[in-house]
Amino acid sequence: MRRVRMTVAATVAGATLSLLGTGVASAATGPGATPQQQAANAAAGAAGTEAGNPLSAVATAAGVCSDAAQIGTTEYIYRGTETIASVKQFYSPSCDKNYGYVWAWKSFLDQNINFNLTVGVWAYERNSLVGQRTVFNTHSQEFWGNAADTADECTSADGTINIPADPDPLNARTSKRC
């Protein structure tokens, strides 16, 4: 009887793995950039993109590994009903690091408002922002956090925009990845 239970458990576990496939990603794993993403990033060159280009000049300056690809959801920072920025989490398989990413929308930047921005990776077990990067009095569009050594933890990207004239900071956090 014991052998039958172990065989059934192994079969069920194997079937579960087959159903999940190789594309399942957690905070610690994930596919690198797809061939399409790699081509789009290469075509963009040093330019930043809303999708997040790990080859951009800003990403390179922040030390983002070139194979970083988005994991989890895209979330949005709102100012009232206006969408002002996108927030994403990236993972690099070659560096085994996570990165937070914020892209300020052109419609917001067109208002010529300077703001303070913080981006990083929220580590749930630590209850803290890891790989945090803060930029003050900026009008830039693309922001990458520092590399976060959180690949074996449950994480989300976290982005906060603080507009000095507004009373409260504006924040978004992506889906939790474990």
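The questions and answers below go through the strands, ring pairs and charged pairs of a predicted model.

Reader: What kind of model is this, and which pLDDT do local features need?

Author: Residues are numbered from 1 along each chain as its sequence is written, and side-chain values use heavy atoms, with hydrogens and water left out. The model is predicted, with totals for chains, interfaces and linings using all residues, while side-chain atom pairs count only at pLDDT 80 or more and local features need pLDDT of at least 70.

Reader: In which order do the strands of the open sheet of 4 strands lie?

Author: Strands here are DSSP runs of E with at least two residues, helices are runs of H or I with at least four, and both are numbered from the N terminus. Two strands pair if DSSP finds at least two bridges between them. In this open sheet the pairing is antiparallel, and the order is 5-4-7-8.

Reader: Which residue of strand 7 is the bridge partner of Trp122?

Author: Strand 4, residues 115-123, and strand 7, residues 155-162, pair in the antiparallel sense over 8 bridges. For Trp122, the bridge partner in strand 7 is Ser156.

Reader: Which charged end sits over the ring of Trp122?

Author: A charge sits over a ring if NZ of Lys or CZ of Arg is within 6 Å of the ring centre and within 35 degrees of the ring normal. Over the ring of Tyr124, 4.5 Å from its centre, sits the charged end of Lys176. Over the ring of Trp122, 4.3 Å from its centre, sits the charged end of Arg173.

Reader: Are the rings of Tyr101 and Trp144 stacked, edge-to-face or tilted?

Author: Rings of Phe, Tyr and Trp (its six-membered ring) pair if their centres lie within 6.5 Å, and planes under 30 degrees apart count as stacked, over 60 as edge-to-face and the rest as tilted. By this rule the count comes to 6 aromatic pairs. The rings of Tyr101 and Trp144 have centres 4.4 Å apart and planes at 50°, so this pair is tilted.

Reader: How many residues apart in sequence are the parts that this pair ties together?

Author: Ring pairs link Tyr101 and Trp144 with Phe90 into a cluster. Because Tyr101 lies in strand 3 (residues 97-104) and Trp144 in strand 6 (residues 142-144), their pair ties together parts that are apart in sequence by 43 residues.

Reader: Is Lys88, which meets Glu50 in a salt bridge, buried or exposed?

Author: A salt bridge is a side-chain nitrogen of Lys or Arg within 4 Å of a carboxyl oxygen of Asp or Glu, and the side chains of Glu50 and Lys88 meet in one at 3.7 Å, N to O. Buried means under 20% relative accessible area, exposed over 50%, and partly exposed in between, with a 1.4 Å probe and protein chains only. Glu50, at 33%, is partly exposed. Lys88 has 5% relative accessibility and therefore counts as buried.

Reader: Which residue meets Glu153 in a salt bridge?

Author: Glu153 is buried, with a relative accessible area of 11%, and it lies in the loop between strand 6 and strand 7. Its partner, 27 residues apart, lies in the loop between strand 4 and strand 5. The salt bridge spans 2.5 Å, N to O, and the partner is Arg126.
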